[in-house]
Amino acid sequence: MNLRRLYMVLAVLLVVWVLLPIFLIATLAFSDRPSVFAWPKGLLPQQFSLETISFFFGVEGVWRAIRNSLAVAAMTLVFSVLLGAPAGYALARYRFAGADAYRLLILMTRAFPLAILAIPLAVRFIQLGIYDTLLGVALVHTALALPFAVLVTSSLFLSIPKELEEAAWTLGCNRLQAFLRVVLPLALPGLAATAIFAFVISWNEVFAATLLTLRERTLPAFLLTSLNDSPLPFRFAGGFFLIVPALVFIFVIRRYLFTLWGIASR
Amino acid sequence: MRTERYLPYALIAPSVLFLLFFFAWPLLEALLLSVRGGGGGWTLENFQRMAADLYFKDALKYTLLLALVVVPLQVVLALGMAMLLGGLSRGRDLFLYVWTIPLGISDLAAGIVWLAIFTERGYLNSLLQALGLIEQPQLWLSYETPWMIFLAVVAAEVWRATAIVFVILVAGLQLIPKEYSEAAEVFGATPWQRFWRVTLPLLKPSLQVALILRTILALEVFAVVVALGGRNLPVLAGEAYYWYNAYQNPGVAAAYAVVVLGISVLATLVYLRLMRPRQEEAA
């Protein structure tokens, strides 16, 4: 009985460990300037205020960076689902020579340091004329999100019984119709999770986004490059604003967490 | 029937082409970039410039030390959390949800969050003051105290990225049939013995994946460090960034990237060798 209680205490401590820093940054983001610089600080916020957060949104370039981030993330989402889902479907439904090699290729891509991709691509993008464009950043982010998209959609399609599809064939659907009318509706929630995941990978990525842009900064790239010469309230509000989608994201896709990461162990 | 045979290849082809273009090709380009001189000939000039740079030794040292400190901490903590989750009688879903929140938090945001704690008028100093340990705010994140920056980076990294290891291990635990542990219990094994003799050996594949993934990511640590210490705590990926952006020298930047890749490959090989499954397991 005591052991159970100890477990519960430890579990709650871990919750505090995860949530307290988020609570603190949220507190700072929603307080006025004097509170941000107050000394010593109390745990509880002194005064609710929109001063810091509105100061953040008032800085020139922030809105544009947010718009850029959203656009890049949206493109990444579309590209990785369009490229990844067919491959996932092939892995789930067919046994074909080279399937294992393909799986290996997918897993190997996760072992690449981002620097080794971003630096030569930056050089090449200048020559191709897509340096400092949102498309260029989105393409690199797609490369990061695609392996996940393939693995998740493949386990997603595996979980949809093949018999349903075959039944549709016998009832006169062709392959495409059977896919669109039977498989797709069942796969939609999982595909949405894949899409959200791709979105967040892109929203969070900073190294490549910084290297590949100059004026068309995404929000993380904008924050990173202005860190050294920006006041603390700006940084705190920016940090908080970066985190918000993460909270929503984990909540929405919590059912798929294990397919997203756990899959690697098989 | 012919189309049926080629259909899977048609379905994977776009992603294969995309990945070749964005992984295989940049890899070759990076290698070439690092060994090409300004005139186009082969040269080790970039590596020599990198090695002679003031920041190189520190960057190498801190990157390796960070990985050596952060990764074991994360694995031990995540393993503890995974076992703890199994021991909880209530609220498992809620704990699982909260513990995995950091999965969605970017390295930059995590760095900024911990900046709020470690900065001069931050929460750490406020706590120390409340405990009566200091009277005036202490400056922790300055170039004079790289070890404190190091500590702050470790705190931020453990906070942010333990969740990835945790999820991989929980998924691995779910694959282990309960019967093994139950059988051991029947034969009188204590919980401690069951953990060391049954669970841990069976969890080896997941541990291997988690270690490889986390080590590779730890070797690329960048934004957390920039947010907490700027260049006062140089790391390899950061140097690649500065050489590309500030010094406009893709050659040396590529050399740094090649070093990161080299260490990553080496670490992966070491893990694969050290954690090789025994013959009977492989069969």
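Student: Which residues in H7(B) meet which residues in H10(B)?

Tutor: On the H7(B) side, Ala161(B), Ile164(B), Val165(B), Ile168(B), Leu169(B), Ala171(B) and Gly172(B) meet Pro205(B), Ser206(B), Val209(B), Ala210(B), Leu213(B), Arg214(B) and Leu217(B) in H10(B). By class, that contact has eleven nonpolar, two polar and one charged residues. Two residues are in contact if their C-beta atoms, placed from the backbone, lie within 7 Å. Keep in mind that this is a predicted model, where local features need pLDDT of at least 70, side-chain atom pairs count only at pLDDT 80 or more, and totals for chains, interfaces and linings use all residues. Residues are numbered from 1 along each chain as its sequence is written, and chains are lettered from A and ligands numbered from 1 in the order in which they are written.

Student: How do you know whether H7(B) is roughly parallel or roughly antiparallel to H10(B)?

Tutor: The axes of H7(B) (residues 146–175) and H10(B) (residues 204–219) come within 9 Å and cross at roughly 160°. Axes are lines fitted to C-alpha atoms, for helices over the stretch in contact, with angles from 0 to 180 degrees between N-to-C directions. Under 35 degrees is roughly parallel, over 145 roughly antiparallel, 65 to 115 roughly perpendicular, and the rest oblique. So H7(B) is roughly antiparallel to H10(B).

Student: And why is H1(A) called oblique to H3(B)?

Tutor: H1(A) (residues 2–29) and H3(B) (residues 56–87) have axes that come within 10 Å and cross at roughly 130°. That angle makes H1(A) oblique to H3(B). Tyr7(A), Leu10(A), Ala11(A) and Leu14(A) meet Met81(B), Leu84(B) and Gly87(B) there.

Student: How many residues does the contact take from each chain?

Tutor: Chain A gives 77 residues and chain B gives 80 residues. H1(A) supplies the largest share of the chain A side, 13 residues. That side has 62 nonpolar, nine polar and six charged residues.

Student: What makes the elements of chain B helices rather than strands?

Tutor: Helices are DSSP runs of H or I of at least four residues, and strands are runs of E of at least two, numbered from the N terminus. Chain B has 14 helices and zero strands.

Student: What makes Gln248(B) exposed?

Tutor: Gln248(B) has 8 other C-beta atoms within 10 Å. Exposed means 12 or fewer, buried 20 or more, and partly exposed in between, with C-beta atoms placed from the backbone. At 8, Gln248(B) is therefore exposed. Gln248(B) lies in the loop between H12 (236–245) and H13 (250–274) of chain B, and its phi is positive, about 55°, although it is not a glycine.

Student: And why does Asp132(A) count as partly exposed?

Tutor: Asp132(A) has 16 C-beta neighbours inside 10 Å, so it counts as partly exposed. Asp132(A) sits in the loop between H6 (114–128) and H7 (134–158) of chain A, and has a positive phi of about 60°.

Student: Which residues does the cis peptide bond join?

Tutor: Trp39(A) and Pro40(A), with omega about -15°. Pro40(A) is in the loop between H2 (33–36) and H3 (51–58) of chain A. Most peptide bonds are trans.

Key: Ala, Val, Leu, Ile, Met, Phe, Trp, Tyr, Cys and Pro count as nonpolar, Asp, Glu, Lys and Arg as charged, and the others, Gly among them, as polar.
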